[in-house]
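Here is a short briefing on one protein structure. Please keep the sequence and the model open while you read.

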Amino acid sequence: MENKEFSDIQQEIARLSEEINRHNYYYYMLDDPKISDYDFDQLLQRLIDLERQHPEYVRPDSPTQRVGGTITKQFESATHLYPMLSLGNTYSEGDLTEFDTRVRDLLNGPVEYVCELKYDGVAISLIYEHGILTRAVTRGDGARGDVVTANVKTIGSVPLSLTGDFPDILEARGEIIMPFDSFNALNADREEIGEPPFANPRNAASGSLKLQSSAEVAKRGLAFKLYYALGENLPEHNHYDQLRKLHQWGFRFPDVMEKVPGLQGVFDFIHKWDVERKQLPYPIDGIVIKVNDFAQQQQVGATAKSPRWAIAYKFKAERVSTPLLSVDYQVGRTGIITPVANLRPVSLAGTVVKRATLNNRDFIADMDIREGDCLFVEKGGEIIPKIVGVDVEKRLPDAEPVRFVETCPVCGTPLRQNEGEAGVFCPNELHCAPQIKGRLEHFISRKAMNIDSLGEGKIDLLFAQGLVRNAADLYDLTYEKLFGLEKVVEDENGKSRALSFKEKMTQNILNGIEQSKSVPFERVLYALGIRFVGEVTAKKLARHFATVDCLANASKEDLMEVEDVGDRVADSIIQYFNDTENLEMVMRLRAAGLRFEMGEEAKPASDKLAGMSIVVSGVFTIPRDEVKALIEQHGGKNVSSISKNTTYVLAGEKMGPEKRKKAENLGVPIISEEDFRQMIGL
């Protein structure tokens, strides 16, 4: 009887795995989902539950591996089956003509090229043994790389197993990239919790792939882009058809790939995508040109570092060289010290650049930036200018290295650096002026307490007058303390004006502070500014623990039961509530009337939107945050970007034309505010 039960469980696990893998294929490889997110999540949760009860039946290609959960303290290295050569780069069409001439001379005949996008990410080698993904290795030095298999398994567009007539050993090569939507969401989350944003999607993808927790990698929204295959006895005789074959085995065929008969076709492809790349949802930095026929590739050969049968044409990013005048050190809300280069003003891509971030201490050291150096500043696919190098030919012979400050530039506290983190920070969080003002600005922000009658300039004045040192002080302000305060401020154009707390302004501030007492607990918790606790995590913590007392007394194990709360977040929460000054502030805020427990808003109003993913766009008769709250209260899920899996786009006035166009192209229904109200019974 027991054996039969186990046999039934094995069959159920196999059936669920097959069904989930099939739906993963529809979603990631064909862009054609067959079921809703909710139904998919239900299938996956059932499989997770069964595998937890019976770990002996977990297969290495189980779809649950995409969820993550493996902790890797140190990445081992492995030798590549075939060296991962790097492509030669060019920015010149003349160089492409020379490349074509060399190839034709070596082949002594006609040649067909394949043109592909050059993805801006992290090169990866995927090894499949008997159709099962067994190893994922980064490029490394070309001969050896880091094994990141557990992390790569979390990426939905990487097949965990293959189907069809695949060879016993197959190596698929491609690029791990971070799409712009994932990049923007990640940076927004990092800024919310006081961490510096990533400079570009490539850096974000690289950093994500080296995270120790695969569960964290699973949240990063990475994607895999296939570009080559290697192995014994591959069935096709050319690159294009071989990738078509890999598509049959379970991989996604490249979104953009074209066979051309000669050099003019290559130029046409380059000119087209130099313009249209701006419409792509992920970053590219050029075009790759390959000889299509495998026999011709062998005939053309390779050097020790690069294949002679392929070349990368890089799109030019506008770059200028300008002198470094000085370095400022800014202190963020969480104490992170960010060095900023003051540059001689220079025109770049239509704007005048005067300042650019130097990221952190390691960045300055790695680039060997010295006093008075001329720095190369670039604007490629990025809006924000970035420092990309040093013009060493213009360096003064006695130039001294830029020395990163060792103490906080504001309060003088010795700086610290946590193990495994690049950022240096000031630990004097409760008494360092920029950190105090940063937390106050965060506290009054729209997504937190939403005291819009205050702002950065007014907080600065209140701090300078000694009226506020933490959030609780705001609730001790009176008309008498505020009226008549004044300071001179500069606007964006450098013009001076007087900021005066007159009667109307004073009353508006007091009204805004009073109205903030009705803000729900989850937003009050977010407003406290606990490090690493962003808006979404605060909401999950509030709903899990229900009161601030339960949260403050929770053990690390209790905290880590909450979705998205790992070691770092749990430790930060415990540290926050172990500090007597923080506890005193929370007690004062509660005494002032702020909400530190969940109310009726925690109870779902209905399940009328259960399983629905809704994108909100435009202007409504009520604030957008309230619209999103209504969606969640009725069981729905707010999503930021439109895909085939989106249930509805809720459109208000002035909906973005690009979002409307995308919804129409994907066949996603667009509903009005009135339609929405009828759906939830308002």
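In which helix is Gln 53 found? Gln 53 is in helix H2, which covers residues 37-53. The model is a predicted one.

- Gln 53 counts as exposed, because its relative accessibility is 53% and the cut-off for exposed is over 50%.
- From Gln 53 to Asn 108 the sequence separation is 55 residues, and the C-alpha to C-alpha distance is 64 Å.
- Gln 296 sits in helix H10, residues 294-300.
- Gln 296 has a relative accessible area of 18%. Buried means under 20%, so Gln 296 is buried.
- Leaving aside residues up to four places away in sequence, Gln 296 touches Leu 107, Pro 110, Val 111, Glu 112 and Val 291.

**A helix pair**

- Helix H21 spans residues 567-578, and helix H22 spans residues 580-592.
- H21 and H22 pack at an angle of about 75°, and their axes are 5 Å apart.
- Angles of 65 to 115 degrees count as roughly perpendicular, and H21 and H22 are therefore roughly perpendicular to each other.
- On the H21 side, Tyr 576, Phe 577 and Asn 578 make the contact.
- On the H22 side, the contact residues are Thr 580, Asn 582, Leu 583, Met 585 and Val 586.

**Nonpolar cores**

- The largest nonpolar core holds 58 residues.
- Phe 443, Leu 474, Leu 541 and Leu 589 have the most contacts inside this core.
- Leu 474 touches Leu 440, Phe 443, Ile 444, Leu 454, Ile 459, Val 468 and Ile 513, with residues up to four places away in sequence not counted.
- Another core, of 37 residues, lies apart from the largest one. Among its members are Tyr 113, Leu 117, Phe 269 and Trp 309.

- Strand E19 runs over residues 613-617 and is mostly covered, with five of its five residues buried.
- In a regular strand, side chains alternate between the two faces of the sheet.
- In E19 both faces are covered. Ser 613, Val 615 and Ser 617 are buried on one side, and Ile 614 and Val 616 are buried on the other.
- E19 pairs with strand E20, residues 637-638, in the parallel sense over two bridges.
- Opposite Ile 614 stands Asn 638 of E20.
- Opposite Val 616 stands Leu 650 of E21.

**An antiparallel sheet**

- Five strands make an open sheet with antiparallel pairing, in the order E14-E13-E12-E15-E16.
- Its edge strands are E14 (351-357) and E16 (386-390), and each pairs on one side only.
- Neighbouring strands of this sheet are turned against each other by 45° on average, with direction ignored.
- Strand E13, residues 337-348, runs antiparallel to E14, and six bridges join them.
- Ser 347 has Val 352 in E14 as its bridge partner.

Notes. Residues are numbered from 1 along each chain as its sequence is written. This is a predicted model: local features need pLDDT of at least 70, side-chain atom pairs count only at pLDDT 80 or more; totals for chains, interfaces and linings use all residues. Side-chain values use heavy atoms; hydrogens and water are left out. Buried means under 20% relative accessible area, exposed over 50%, partly exposed in between (1.4 Å probe, protein chains only). Helices (H or I, at least four residues) and strands (E, at least two) are DSSP runs, numbered from the N terminus. Two strands pair if DSSP finds at least two bridges between them. Axes are lines fitted to C-alpha atoms, for helices over the stretch in contact, and angles run from 0 to 180 degrees between N-to-C directions. A nonpolar core is a set of buried Ala, Val, Leu, Ile, Met, Phe, Trp, Tyr and Cys residues joined through side-chain atoms within 4.5 Å. Contact means heavy atoms within 4.5 Å. Angles under 35 degrees count as roughly parallel, over 145 as roughly antiparallel, 65 to 115 as roughly perpendicular and the rest as oblique.
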